[in-house]
Amino acid sequence: MTREDQVMGENGGEIHGDILEVIFSHVPLIDLVPASHVSKSWRYAVTSSLSHFNKPKPWLILHKQATRYPYTTSRYAYDPRSHMWIKISQPSIKYNLALKSSNSNFLYMLSSTKLSFSFDPLNISWSHVDPPLIWRTDPIVAKVGDSIVVVGGGSDYEDDPLPVEIYNTVTHAWDTCDTMPGNLKDSAASTWLSIATTNEKLFITEKQSGLTYWFDPNTKCWSRPNKLDPNQHISDHNIGTSNDDLILVGLCKNDENVEQVKIWKVDKENFQCEEIVEMPLVYVDKLKSESIGISSINVHVTGNFVYIYNQSETEEVVVCELIANNDYRWWSIQNVVAHDEMIMNRLVFTCSRVGFDELQRIMRSENQRFEVES
Amino acid sequence: MSSSTELTEKKVFLLKSLDGVIFEVEESVAVQLEVIRELIEGDCARPFISLYNVTSEILALVIEYCKHHAETCSGGTSATIADEDLKTFDNEFMNVDENILLELCSAADYLDIKSLFELTCRTLASLIKDRTIIEVRKMFNVENDFSVVEEKAVRKEFAWAFK
């Protein structure tokens, strides 16, 4: 018998599966893809480790796009499971228009001749369809079930609020319905609104006032107006869906005039808000810009992850992981796209659940490669 | 270590490796091996403790690790200096051949030494990164048990992971 045989027992020198699972919990997700092809027992241990020890977590994806033609784009992802930034290789299509995203992992480009959109985790597949009937700048575009809903946005010719247009991804047809509520007329562009989607509804909140409506693309109905009002003055309301819950992330000031960021769970029926957690002040400080503090925040929510950043200074992103049993983990990450790169570029943030099977599929070809950023 | 044990004579225990080598260790070191702590508490640690899964080469390393950690933690230095010292020690301690690392990891698991197990797992994890599938098989002594057809398909689809 060799020495290894004696030590490791009957496995003949191979490390035990249980130990392997713990080792794999420290291996970045992208490196587990080749590891799963080492042997059958390694493949089993990878799958088991991912479901028992260190599960995949939603990635924050930054699309850095040049502000001028040909809109050269590079993409970076932050994987919170592995605590690292990854540079994703060239996108699958040429982005020859300005990339936009209203929330989550839904990415789109709109021109007068077509609407292109993508909603798979790493935006590999794109659909190109006829544009909505009415030209609009900066609308809300969101995916709700099988529908792509286009709401609001400014127009040079129209004073009235614009009709809502719905593209059905199954029948490939456009449909027009009621305009968005008049109360939102003055803030109809996506800059002033925060949205959240479930499979059935699109929730829209006016960032400043907290005025909230939902829209159901199946019945084409708008809800009555609701106010998100957790008994505290909030200067900036942001919403998102965490698993099935609607949450509100608000920027507010306490009695001593200190800025605070809080997260509430919102009842989807009566819009009652229940505070769940407050951002520790050390992270609030990270969001502050030297000159103007925090004027406005942006929020991306997927699964149990909330990513929060200052709209006018994106150098730090604060992460909140909502763990079961009212437990929360906060940390901050430094934006990998350096400040001086932002002069000729703009950043679009998305947030995606990137699963292991998804990653296997993507990494199978030579086209999609990932490089670890320092 | 509590003050009451310091006053009494230091207890020692004898650990016997797989290949029959006996090591004398102080209690403060022995109790870091969770398995042995339980034996001591159950008064089953005499005349010596046989460790059937650990060779003398590995057991010597394990004892060196536990000894350093026990001394640093009870040395009266400030927590931050102790932390720094342990970090430096751990880094150097992990600078060994991969086969030794694998055995250390298994031994730490068997002897239930949490910090050493965590340390070796992290180190082994870092060795998997940026290596080809062939290199990983060799390093971890893994037998490729995929069928010829399966292996061929993987080599084609994930050609980059073999280069």
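Predicted model: local features only at pLDDT ≥ 70, side-chain atom pairs only at ≥ 80, totals over all residues.
Now turn to chain B, which is divided into domain 1 (7–128) and domain 2 (130–163). Taken over C-alpha atoms, the centres of domain 1 and domain 2 of chain B are separated by 34 Å. Their contact takes 4 residues from domain 1 of chain B and 4 residues from domain 2 of chain B. Helix 6 and helix 7 of chain B each supply at least two residues of the side of domain 1 that touches domain 2. That side of domain 1 of chain B divides into 3 nonpolar residues, no polar ones and 1 charged.

In chain B, helix 6 (residues 98–110) and helix 7 (residues 114–128) pack at an angle of about 145 degrees, and their axes lie 8 Å apart. The crossing of helix 6 and helix 7 of chain B is left-handed. Where they meet, helix 6 of chain B brings residues including B:Leu101, B:Leu104 and B:Cys105, while helix 7 of chain B brings residues including B:Phe117, B:Leu124 and B:Leu127. By class, this contact of helix 6 with helix 7 of chain B has 9 nonpolar, 2 polar and 2 charged residues.

B:Asp130 counts as exposed because it has 10 C-beta neighbours inside 10 Å, and a residue is exposed with 12 or fewer. Its backbone is worth a glance too: phi of B:Asp130 is near 60 degrees, a positive value in a residue other than glycine. For background, most residues other than glycine have a negative phi. A UniProt annotation from an unreviewed entry, "domain: SKP1 component dimerisation", covers residues 114–161 of chain B. That span of chain B is 67% helix and 0% strand, and its end C-alpha atoms lie 32 Å apart.

Why does A:Ser194 count as buried? It has 25 C-beta neighbours inside 10 Å, and 20 or more make a residue buried. Leaving out residues up to four places away in sequence, A:Ser194 touches A:Thr205, A:Lys207, A:His237, A:Asn238 and A:Ile239.

Compare that with A:Tyr283, in helix 5 (residues 281–287) of chain A. A:Tyr283 is partly exposed because 17 other C-beta atoms lie within 10 Å. Beyond its neighbours within four places in sequence, A:Tyr283 is in contact with A:Val318, A:Trp330 and A:Ser332.

A:Asn325 sits in the loop between strand 22 (313–323) and strand 23 (327–334) of chain A. With 4 other C-beta atoms within 10 Å, A:Asn325 is exposed, and its phi is near 60 degrees, a positive value. The other loop, between strand 1 (59–66) and strand 2 (73–79) of chain A, holds A:Pro70. A cis peptide bond joins A:Tyr69 and A:Pro70, with omega about 5 degrees. In general, most peptide bonds are trans.

How values were computed:
Residues numbered from 1 in each chain as written. Chains lettered and ligands numbered in written order. UniProt positions renumbered as here; feature names shortened; annotations may be inferred. Helix = DSSP H or I, 4+ residues; strand = E, 2+ residues; numbered from the N terminus. Contact = placed C-beta atoms within 7 Å. Axes fitted to C-alpha atoms, helices over the stretch in contact; angles between N-to-C directions. Left-handed = near helix turned anticlockwise from the far one by under 90°. Nonpolar A, V, L, I, M, F, W, Y, C, P; charged D, E, K, R; others polar. Domains from an automatic or database assignment.
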